[in-house]
Amino acid sequence: MKSIFSDKATVIIRALLSQPARRWTVRDFETEFNVGRSRAAQVLSELREKGFVGGVASGRLAYSQLTDREGLIKEWGKAYRFELNESHLYYSEENILKKMKAFLQNKKWDNKYALTLHTGANLISNYVNTPIIYCYLDSERFDEMSLEIRQGLHLKELKTGGNVCLIRPYYKTSVFLHKQDIKGLSVVSNLQLYLDLYHFPQRGREHADYLLKILKEKGVDLG
């Protein structure tokens, strides 16, 4: 996880996957995503060596273009586990999602959180019935936000079990890239949903495959 699938490196990968036909330069990643040119060049070089990216490697006309989208996603899926994130479990006696949505909107935190796993995917696929809310919070403000959510929604802290999971993301920089608004709720990208679900013990692979099927039927790619 320290090379092409580290946090900053996946900013580049997410960009490539979101626009697979685009010819990217290192300058693009600097100006659009604040990734230094040397770092971008290093990641692109590794991707090129692994056969995921093609184009012109060097010179004035240098550019990089995604050539093996499915292979790159598959390789990322092998390397990543949701357990890399830091998860905190709490319990609410109420149907919490509606109250949580109102609380987060009132705090104007729409850009500081995103639902994931079955919670986020169910808004697209409605496949796995689960009462648990899985929610990423902004890494830099995690302590402050989680405290306010716990106090505002009267959540009880648990060592095991629970129906609210607040998550400090492993991908501090990139996890919120290409997040989406679904029914007034902030949800991670389809790509992040797929990655989080893929190795998740509780029916994760099953839901990941079904989500992919639904997206293909809608003509939507992971990205």
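Two strands are said to pair if DSSP finds at least two bridges between them, and the helices (H or I, at least four residues) and strands (E, at least two) are themselves DSSP runs, numbered from the N terminus. The model is a predicted one, in which local features need pLDDT of at least 70 and side-chain atom pairs count only at pLDDT 80 or more, while totals for chains, interfaces and linings use all residues. Residues are numbered from 1 along each chain as its sequence is written, and side-chain values use heavy atoms, with hydrogens and water left out.

Strand E3 (residues 86-91) is joined to E7 by 5 bridges, and the two run antiparallel; here His88 stands opposite Leu166 in E7. Strand E5 (residues 133-137) also pairs with E7, but in the parallel sense and over 4 bridges, with Tyr134 opposite Cys165 in E7. Because 4 of the 5 residues of E7 (residues 164-168) are buried, this strand is largely enclosed by the rest of the structure; buried means under 20% relative accessible area, exposed means over 50%, and partly exposed lies in between (1.4 Å probe, protein chains only).

In soluble globular proteins, nonpolar side chains tend to be buried together. The largest nonpolar core holds 69 residues, of which Phe29, Leu47, Trp76, Ile149 and Leu166 touch the most other members, and helix H1 (residues 7-18) gives the largest share of this core, 7 residues. If residues up to four places away in sequence are not counted, Leu47 touches Ile4, Ile13, Leu16, Phe52, Val53 and Leu72, where contact means heavy atoms within 4.5 Å.

What volume does the largest pocket have? The value is about 320 Å³, and of the 14 residues that line this pocket, the closest to its centre are Glu70, Ile73, Lys74, Tyr194 and Leu212. On a 1 Å grid over the protein atoms alone, a pocket is an open set of points where a 1.4 Å probe fits, with protein on both sides within 12 Å along at least five of seven lines, and lining residues have an atom within 4 Å of a point. Grid points are joined across faces, edges and corners, and the volume is the space filled by probe spheres set on the points.

Helix H4 (69-79), helix H8 (190-198) and helix H9 (204-217) each supply at least two residues of this lining, and the largest share, 6 residues, comes from H4. Glu70, which belongs to helix H4, is exposed at a relative accessible area of 61%, and its C-alpha atom is separated by 9.6 Å from that of Leu17, 53 residues apart along the chain. In H8, by contrast, 8 of the 9 residues are buried, so this helix is largely enclosed by the rest of the structure; Tyr194 is one of those buried residues.

Two loop residues complete the tour. Lys108, in the loop between helix H5 (96-106) and strand E4 (113-115), has a positive phi of about 60° although it is not a glycine. Lys183, in the loop between strand E8 (180-182) and strand E9 (185-187), has a positive phi of about 55° and is not a glycine either. Most residues other than glycine have a negative phi. Lys108 counts as exposed at 71% relative accessibility, and Lys183 is exposed with a relative accessible area of 63%.

How values were computed:
Core = buried A, V, L, I, M, F, W, Y, C linked by side-chain atoms within 4.5 Å.
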